[in-house]
Amino acid sequence: MQLFLNDLDDLHQWDFMRNQQMVKEIERLRVLSTTIGQQRESWKVRALMAETQLLEATAKTSNNGGRQNVSDVRYASLKRYLAKRFHPDFAPGEGIEKVVRNEIFKEVWNEIDRLDQGVSATSFATARSSWAA
């Protein structure tokens, strides 16, 4: 009986040590995951900034032969960023978090649509007035 209790105690100690190792490993992986997530977001922002700079440089070097101006390029870049950031298909998480992101996206996208209609209306009005002249 004493041998059985000693073996049981040894198993308990082994299990305790194994659990401590697993807790440390889980914490290490959690920190690594957080770091990778932060790096991913940083690279996304850097990629968007580089894309914007490239488009600006292209717009500056061209003779504007039917191309968009820099503010239009920035607007389009921001619009893509917001769509990727808040679109429900790209929203991480489950349940209420996804619903909240969906509602934010709807509000933001309604405002963007309103701005698009305003921009296109002013562009059309400008073009129309130049035709009349």
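Me: How many aromatic pairs does a search of the whole structure find?
Reply: This is a predicted model, where local features need pLDDT of at least 70 and side-chain atom pairs count only at pLDDT 80 or more, while totals for chains, interfaces and linings use all residues. Residues are numbered from 1 along each chain as its sequence is written, and side-chain values use heavy atoms, without hydrogens and water. With ring centres required to lie within 6.5 Å, the search finds 1 aromatic pair.

Me: What is the centre to centre distance between Phe-105 and Trp-109?
Reply: Phe-105 and Trp-109 lie 4 residues apart in helix α3 (residues 96–132), a helix being a DSSP run of H or I with at least four residues. The planes of Phe-105 and Trp-109 are 15° apart, and stacked means under 30 degrees. Their centres are separated by 5.3 Å.

Me: Is Phe-105 buried or exposed?
Reply: Buried means under 20% relative accessible area, exposed over 50%, and partly exposed in between (1.4 Å probe, protein chains only). Because Phe-105 has 12% relative accessibility, Phe-105 counts as buried.

Me: Which residue meets Glu-51 in a salt bridge?
Reply: A salt bridge needs a side-chain nitrogen of Lys or Arg within 4 Å of a carboxyl oxygen of Asp or Glu. The N to O distance for Glu-51 is 2.9 Å, and the partner is Arg-80.

Me: How many residues apart in sequence are the parts that Glu-51 and Arg-80 tie together?
Reply: Glu-51 is partly exposed at 30% relative accessible area, and Arg-80 is partly exposed at 33%. Glu-51 belongs to helix α1 and Arg-80 to helix α2 (residues 70–86), so the pair links parts whose separation is 29 residues.

Key
Rings of Phe, Tyr and Trp (its six-membered ring) pair if their centres lie within 6.5 Å; planes under 30 degrees apart count as stacked, over 60 as edge-to-face and the rest as tilted. Helices (H or I, at least four residues) and strands (E, at least two) are DSSP runs, numbered from the N terminus.
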